[in-house]
Amino acid sequence: MSETFAVHPFPAPLVDSRQVGRVRVHAIQAGGQQLDGGAMFGVVPKTLWSRRIEADEKNRIPLGMRCLLIEHDDGLVLIDTGSGNKETPKFHDIYAIENRGADGRTALEDGIRAAGFSPDDVKLVINTHLHFDHAGGNSWRAPTGEVLPTFPNARYVVQAGERAYAEQPNERTTASYFPPNWAPIAAAARLDVVSGAREIVPGISVRPTPGHTPHHQSVLVRSAGETLCFLGDVVPTTHHLPLPWIMGYDVEPLVTLESKRALLADALREDWLLVFEHDAHVGFGRVAHDGKAYRLAE
C-alpha cells in the first residue's frame, strides 16, 4: 500500500497580486506548514506569543511558505521556492506540510500558472537562504525518481557564504539543509553566487540580513519611487516585528536583532511595502512604530 500525506490547513489565497511602481508582483502561497510555537518565538514566553497566535494541541502554529513572482522587463523573477515535492510523507507529517499541487508538483507551480505563466517562463530564482522550506522547490522529483531543476530556463542566485555554509552542516543545521535542493542546479551550471549587497537585475537587489543563518539575505524591489522588501526569515511573520521576537531556529539571534533593527528602521523611514514569507494570513504590510515597538501599520 502506498503512503499518503496527512492533510493540514492550506493558507489562502494561492495568489495575491500587487503593483509596485511599474512592476507587477504576485505573492504565491507555496503551501502551509505548522511548527512549534516555542521554536518560532525563541525566548518570548508562550504567555505572550499565544495572545497573538493560537497553537494547536501539539503546540504548533500555522505558517505559510509565501514566494514572490515578479514581472520584470528581463523576464520573470521568483524569490524563494517553498518546500518542493521531494520529501517523504513522514517528513511532511512532522512539519505538517501541505503543498500538493497538480500532476505531482506543488502549490507553487499551481500559483505560477494561476498568475498566467509557466515554470518554464521563470528566468531568475533568488533564494534568501537554502533551508528546505525556502529552497526545496528549486528542484523537483520526477516520476522516474530523477531530481531536476524546477525552473529549467532560470539562473539561481544565493549568497556565496550561504552555499558554503549549507555544504558544511553541523549537528544543528543538517536538519535544514538538503543537497538535492541545490546540487542539481549546480550540476546544470545554473547556480550563481554573489557576495554581499548588490543589484541582481535592474531594480532588484539583495541585502544581507544575517542571523537566521550567517549569510541570509532579503530582497528589495524598487520601481518608480516605491520599494518592496521580501523579508525572508529576518521577520518571518507580522508577529515577529518587535525587535526581540526572534525565532529559536536562528543560529545567531543577536545578529538577527541588529539586522532587524537596521532593516525596519529603513522600512519605516522610506515606507516600504513588506512581504511576510511565513505569515499564514498576512502577505503584505507596512511597518509602524508606537514609541515602544514595531508593529504592523493599520
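Biologist: How exposed is aspartate 120, by relative accessible area?

Modeller: This is a predicted model, where local features need pLDDT of at least 70, side-chain atom pairs count only at pLDDT 80 or more, and totals for chains, interfaces and linings use all residues. Residues are numbered from 1 along each chain as its sequence is written, and side-chain values use heavy atoms, with hydrogens and water left out. Buried means under 20% relative accessible area, exposed over 50%, and partly exposed in between, with a 1.4 Å probe and protein chains only. Aspartate 120 counts as partly exposed because its relative accessible area is 42%.

Biologist: Which residues is aspartate 120 in contact with, leaving aside neighbours within four places in sequence?

Modeller: Aspartate 120 sits in the loop between α4 and β5; helices (H or I, at least four residues) and strands (E, at least two) are DSSP runs, numbered from the N terminus. Contact means heavy atoms within 4.5 Å. With those sequence neighbours set aside, the partners of aspartate 120 are Pro152 and Asn153.

Biologist: Which residue in β4 stands opposite isoleucine 70?

Modeller: Strand β3 (residues 60–72) and strand β4 (residues 75–79) run antiparallel and are joined by 5 bridges. Opposite isoleucine 70 stands valine 77.

Biologist: Which residues of α4 are buried?

Modeller: The buried residues of this helix pack against β1, β2, β3, β4 and β5. Just after α4, glycine 116 has a positive phi of about 105°. The buried residues of α4 itself are Ala107, Leu108, Glu109, Gly111 and Ile112.

Biologist: What is the volume of the largest cavity?

Modeller: On a 1 Å grid over the protein atoms alone, a cavity is a set of points where a 1.4 Å probe fits but cannot get out, and lining residues have an atom within 4 Å of a point. Grid points are joined across faces, edges and corners, and a volume is the space filled by probe spheres set on the points. The count comes to 2 cavities of 30 Å³ or more. The largest, with Thr81, Trp140 and Thr150 among its lining residues, has a volume of about 40 Å³.

Biologist: Is threonine 256 buried or exposed?

Modeller: Threonine 256 lies in helix α8 (residues 253–270) and is one of the residues that line the second largest cavity. Not counting residues up to four places away in sequence, threonine 256 touches Pro210, Gly211, His212, Val234, Ile246 and Asp250. Because its relative accessibility is 1%, threonine 256 counts as buried.

Conventions:
Pairing = 2+ DSSP bridges. 1 Å grid on protein atoms, 1.4 Å probe; cavity = no way out; pocket = protein on both sides within 12 Å on 5 of 7 lines; lining within 4 Å.
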